[in-house]
Amino acid sequence: MTDADADAVLAIYGIGIDEGNATFETQVPTWEQFVSGHLPAYSHVAVDDHDTLLGWVAASPVSTRACYAGVIEHSVYVHPDARGHHIGQLLLDRLINASEAAGAWTIQSSIFPENHASLALHAAAGFRTIGTRERIAQHHGVWRDTLLVERRRNP
């Protein structure tokens, strides 16, 4: 993922925001805000043969404490026209490989229970559901639950 991908990455993020089951965010951030929260080594895009951006994955540290240096939290978004073509799987595989190469031992994410496609994608990639975070935050004035999922690196 580079600055040249900014418009397409943020457009796909905006679609996810508008769909209502991908994030608590309600507005697309600026590119500077977006990249400031993510680690470049874990930020990747998928493009087709015509260089059309189909989806992206990005991760950030869960904490600045040294003991959590190997724990990252990620997001993966796929353009609606590209869904059902294993783009999400390719992006998660890329993230998993990058995280293992960098020494990360846990990849986690919070997913709305209504986002069945994302839950299935993560389960197929070896993530397990840790539990439900009940009424963790409000989204458009409504309390929402999330499922905490994680994938642990094999020692």
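Student: Which residues are buried in helix 3?

Tutor: Bearing in mind that this is a predicted model, the buried residues of helix 3 are Ile87, Gly88, Leu91, Leu92, Leu95, Ile96, Ala98 and Ser99. The helix itself runs over residues 87–102, and its 16 residues should span 22 Å at 1.5 Å a residue, which agrees with the 23 Å between its end C-alpha atoms. Just after helix 3, Gly103 takes a positive phi of about 90°.

As for what covers those buried residues, the elements include strand 1 (44–47), strand 2 (53–61), strand 3 (71–78) and strand 4 (106–111), together with helix 4 (116–124) and strand 6 (142–152). The strands in that list belong to a sheet that deserves a description of its own. It is an open sheet of six strands in the order 1-2-3-4-6-5, with mixed pairing. Strand 1 and strand 5 (128–139) are its edge strands, each pairing on one side only, and neighbouring strands of the sheet are turned against each other by 25° on average, direction ignored.

A search of the whole structure finds one cavity of 30 Å³ or more, and the largest cavity has a volume of about 40 Å³. Its lining consists of Ile96, Ser99, Glu100, Ala104, Trp105, Thr106, Ile107, Arg151, Arg152 and Arg153. Helix 3, strand 4 and strand 6 each supply at least two residues of that lining, and the largest share, three residues, comes from helix 3. Two of the lining residues, Ile96 and Ser99, are also among the buried residues of helix 3.

For a point of reference elsewhere in the chain, one can turn to Asp7, which lies in helix 1 (residues 6–19). Asp7 is exposed, with a relative accessible area of 68%. Between Asp7 and Ala102 there are 28 Å in space, C-alpha to C-alpha, and the two residues are 95 residues apart in sequence.

How values were computed: Residues numbered from 1 in each chain as written. Predicted model: local features only at pLDDT ≥ 70, side-chain atom pairs only at ≥ 80, totals over all residues. Heavy atoms only, no water. Helix = DSSP H or I, 4+ residues; strand = E, 2+ residues; numbered from the N terminus. Buried < 20%, exposed > 50% of the residue type's maximum accessible area, 1.4 Å probe, protein only. Expected span 1.5 Å × (residues − 1). Contact = heavy atoms within 4.5 Å. Pairing = 2+ DSSP bridges. Axes fitted to C-alpha atoms, helices over the stretch in contact; angles between N-to-C directions. 1 Å grid on protein atoms, 1.4 Å probe; cavity = no way out; pocket = protein on both sides within 12 Å on 5 of 7 lines; lining within 4 Å. Points joined across faces, edges and corners; volume = space filled by probe spheres on them.
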